Amino acid sequence: MFRDLLVHIPTERSPRPAIDASVSLAMTAGAHLDAIATGYVSTSVPFVAEGGAAIAASLQFEYETATERADAALGIFEIEAKNAQIAYGKYALSGSIAETVSRFGASARLYDLTIVSQGEPDGETFDNRLPQELLLQVGGPVLFIPYTFRGAFKASRIGICWDGNRLAARALRDAMPFIPKRMR
């Protein structure tokens with residue numbers, strides 16, 4: 001079973017699907033749950049000698065705003081984790097999408113399962129890009145929660161795609177905690 005879980009808490013769209021699913025899964029599994037909320041810095045202006053101080057101040061403001069968004073999302077997570085009485089940790093990241101993916105991906109490699117919410121189809125946000133980027137960075141199981149998800153997590157329908165290769169075998173082995181013993 002999964003003992004150490006990591007969840008990405010979006011800051012540019014609703015954090016509820018990720019929070020609801022990860023907290024209920026941690027409760028069911030008796031697992032420790034760490035949450036990372038990511039605030040993105042969209043300013044990528046080269047630092048030049050003229051006006052450099054103004055650009056630096058603008059960049060500093062972007063980082064502070066991004067961190068505030070991450071902290072706000074973590075506040076929602078913390079309330080739910082405390083109410084569920086689970087062991088948890090919370091961390092805020094801020095930076096460009098490349099920095100965030102790299103740092104989150106490196107952290108996720110230390111967990112049994114990474115939980116992310118699916119990107120919303122109509123949105124062009126960094127939070128929509130991160131889950132897909134993480135899929136290639138993590139190197140372990142990633143559980144995608146539908147962006148419309150509400151309530152407690154329950155793996156009631158499990159689909160297995162099998163072509164007999166190494167990646168399919170690894171994916172099936174990573175999914176075993178979700179497959180009831182009667183179906184094995």
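In sorting residues by class, Ala, Val, Leu, Ile, Met, Phe, Trp, Tyr, Cys and Pro count as nonpolar, Asp, Glu, Lys and Arg as charged, and the others, Gly among them, as polar. By this scheme, the lining of the largest pocket holds 20 nonpolar, 4 polar and 5 charged residues. The model is predicted, so local features need pLDDT of at least 70 and side-chain atom pairs count only at pLDDT 80 or more, while totals for chains, interfaces and linings use all residues. Residues are numbered from 1 along each chain as its sequence is written, and side-chain values use heavy atoms, with hydrogens and water left out.

A pocket is an open set of points, on a 1 Å grid over the protein atoms alone, where a 1.4 Å probe fits and which has protein on both sides within 12 Å along at least five of seven lines; its lining residues have an atom within 4 Å of a point. The largest pocket has a volume of about 860 Å³, a volume being the space filled by probe spheres set on the points, which are joined across faces, edges and corners. It is lined by 29 residues, of which P141, V142, A171, D174 and A175 are the closest to its centre. Strand 5 (142-145) and helix 5 (166-175) are the elements that give two or more residues to this lining, and helix 5 contributes the largest share, 8 residues. Helices (H or I, at least four residues) and strands (E, at least two) are DSSP runs, numbered from the N terminus.

The second largest pocket holds about 160 Å³ of space, and its lining residues include F153 and F178.

These two residues also belong to the aromatic picture, in which rings of Phe, Tyr and Trp (its six-membered ring) pair if their centres lie within 6.5 Å, with planes under 30 degrees apart counted as stacked, over 60 as edge-to-face and the rest as tilted. The whole structure has 4 aromatic pairs. In one of them, the ring centres of F77 and Y88 are 5.8 Å apart and the planes stand at 80°, so the pair is edge-to-face. F77 lies in helix 2 (residues 52-84) and Y88 in strand 3 (residues 88-95), 11 residues apart. F77 is buried, with a relative accessible area of 0%, whereas Y88 is partly exposed at 24%; buried means under 20%, exposed over 50% and partly exposed in between (1.4 Å probe, protein chains only).

F153 and F178 form another edge-to-face pair, 5.7 Å centre to centre with 65° between the planes. Because F153 lies in the loop between strand 5 and helix 5 and F178 in the segment after helix 5, the pair ties together parts 25 residues apart in sequence.
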